[in-house]
Amino acid sequence: MDKRILKIAKRLKALRIAKGYTSYENFAWDNNIPRVQYWRMEKGTNFTIKNLLRILDVHNLSLNDFFANLE
């Protein structure tokens, strides 16, 4: 798997945990994100830019802020 995708997935998980959610299911439920889709994103197996933007909106992050710390 592409290491860049895994970095994105790990960042999404870290953001969720920083928001106080230990469960991806609760985070997805509370933010009206399909549970399975969010799980896939945290695993780096399947996501679209549209869904990534949706999650960044939940965290009030811009694309620049999200990607700034990945390298």
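Hi everyone, a definition to start: buried means under 20% relative accessible area, exposed means over 50%, and partly exposed is in between, using a 1.4 Å probe and protein chains only. This is a predicted model, where local features need pLDDT of at least 70, side-chain atom pairs count only at pLDDT 80 or more, and totals for chains, interfaces and linings use all residues. Residues are numbered from 1 along each chain as its sequence is written, and side-chain values use heavy atoms, with hydrogens and water left out.

Let's begin with Arg54. At a relative accessible area of 34%, Arg54 is partly exposed. Arg54 sits in helix α4; helices here are DSSP runs of H or I, at least four residues, numbered from the N terminus. Setting aside neighbours within four places in sequence, Arg54 contacts Asn31, Asn32, Ile33 and Pro34, where contact means heavy atoms within 4.5 Å. From Arg54 to Lys13 there are 41 residues in sequence and 15 Å in space, C-alpha to C-alpha.

Lys13 also turns up in our next stop, Glu42. Which residues does Glu42 touch, not counting those up to four places away in sequence? They are Ala9, Leu12, Lys13, Arg16 and Tyr24. Glu42 belongs to helix α3, residues 35–43, and counts as buried because its relative accessibility is 12%.

Finally, Leu63. This residue lies in helix α5 and is partly exposed, since its relative accessible area is 43%.

Key
Helix = DSSP H or I, 4+ residues; strand = E, 2+ residues; numbered from the N terminus.
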